[in-house]
Structure formats: C-alpha cells, structure tokens
Amino acid sequence: MEVLQRFLYQKILKELTPNEVVIVYGPRRVGKTTILEKISSNYAGKVKFVDGEDRNIQDILSSKILRVLQEFIGDTDLLIVDEAQQIN
C-alpha cells in the first residue's frame, strides 16, 4: 500500500467511533473502495460491507421502518456502505 493510502487508512481507522458516520469521498478510481475493503477485513468487530448500487440494499437502507433497519444491522459493529450516494 502506498504512503498516501496508508495515511488515509490510518486516518479513517482513527475516526471510527460508535454511533458516528465517517464519509470517504473523492474522484472515481482513486482507491476509496480498496481502503474500505482493507478496513473491513482488518476490523476487530463484526463488519457488514454492502454496495449502495444494489437495489435490495437501497430498499432496505431507505426504509422508514425502524424494525427493517434494526434487523438488517443486527449485531453489526461497523456498517460500510460503498456507493452510499445511490441510496435515497
């Protein structure tokens, strides 16, 4: 992993706090998903990594029914939504 990616990876890890949101944004094809996948695979807790372009994920995460969201999240410690801008 190059120096900049390593720096960003460490910065994102440092910002992860329970019940908070961390937004990773930037131009296309710069490695955002790669860094998120690395965080997902190295995170100590239970991680759910989903794709916001998936229609089923869009339906679940845009739901206004609390039970639906609670069931989806379950006992997940970290929810990562790649392409979250696709979700209403």
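L4, F7 and L8 together make a nonpolar surface patch of about 290 Å², as computed from a model that is predicted. One of these residues, F7, has its place in helix α1, and F7 counts as exposed because its relative accessible area is 51%, where exposed means over 50%. L8, another member of the patch, is also named among the residues closest to the centre of the second largest pocket, to which this report returns below.

## Overall architecture

The protein has 88 residues, of which 22% are buried, and its secondary structure comes to four helices and two strands. Read from the N terminus on, these elements follow the order α-α-β-α-α-β. Taken along the principal axes, the C-alpha atoms fill a box of roughly 40 × 25 × 20 Å.

V50 lies in strand β1, which covers residues 47-51, and V50 counts as buried because its relative accessibility is 8%, where buried means under 20%. Although V50 and I80 are 30 residues apart in sequence, their C-alpha atoms are 6.2 Å apart in space. For G26 and I65, which are 39 residues apart along the chain, the separation between C-alpha atoms is 31 Å. G26 is found in the loop between α1 and α2, and with 37% relative accessibility G26 counts as partly exposed.

## The largest pocket

The largest pocket has a volume of about 1300 Å³. Its lining is made up of 37 residues, and those closest to the centre of the pocket are V22, L79, I80, V81 and A84. Sorted by class, the lining of the largest pocket holds 21 nonpolar residues, together with eight polar and eight charged ones.

I80, which is among the residues closest to the centre of this pocket, is the residue whose C-alpha atom lies 6.2 Å from that of V50.

## The second largest pocket

About 300 Å³ of space lies in the second largest pocket. Of the 15 residues that line this pocket, L8, I12, V24, Y25 and I35 are the closest to its centre. Helices α1 (3-15) and α2 each supply at least two residues of the lining, and α1 gives the most, with six residues. By class, the lining of the second largest pocket divides into nine nonpolar, two polar and four charged residues.

## Salt bridges

Side chains of opposite charge can pair when their charged atoms come close. K11 forms a salt bridge with E15, with the closest N and O atoms 3.8 Å apart, and both residues lie in helix α1, four residues apart, which is about one turn of the helix. K11 is partly exposed at 43% relative accessibility, and E15 is also partly exposed, with a relative accessible area of 39%. R67 forms a salt bridge with E71, the closest N and O atoms being 3.4 Å apart, and this pair lies in helix α4, again four residues apart, or about one turn of the helix. E71 counts as exposed, since its relative accessibility is 56%.

The pair K46 and D75 forms a salt bridge in which the closest N and O atoms are 2.7 Å apart. This pair links distant parts of the chain, with K46 in the loop between α2 and β1 and D75 in the loop between α4 and β2, 29 residues apart. K46 is partly exposed at 44% relative accessibility, whereas D75 counts as exposed at 52%.

## Positive phi values in a loop

Most residues other than glycine have a negative phi. N19, however, has a phi near 65 degrees, a positive value in a residue other than glycine, and R29 likewise has a positive phi near 65 degrees. N19 has its place in the loop between α1 and α2, and R29 is placed in the loop between α1 and α2 as well. N19 is exposed, with a relative accessible area of 79%, and R29 counts as exposed at 80% relative accessibility.

Notes
Residues numbered from 1 in each chain as written. Predicted model: local features only at pLDDT ≥ 70, side-chain atom pairs only at ≥ 80, totals over all residues. Heavy atoms only, no water. 1 Å grid on protein atoms, 1.4 Å probe; cavity = no way out; pocket = protein on both sides within 12 Å on 5 of 7 lines; lining within 4 Å. Points joined across faces, edges and corners; volume = space filled by probe spheres on them. Nonpolar A, V, L, I, M, F, W, Y, C, P; charged D, E, K, R; others polar. Patch = residues over 30% accessible without salt bridge, like charges linked within 9 Å, V, L, I, M, F, W, Y side chains within 5 Å. Areas by Shrake-Rupley, 256 points an atom, 1.4 Å probe, with all protein chains shown as cover. Salt bridge = Lys/Arg side-chain N within 4 Å of Asp/Glu carboxyl O. Buried < 20%, exposed > 50% of the residue type's maximum accessible area, 1.4 Å probe, protein only.
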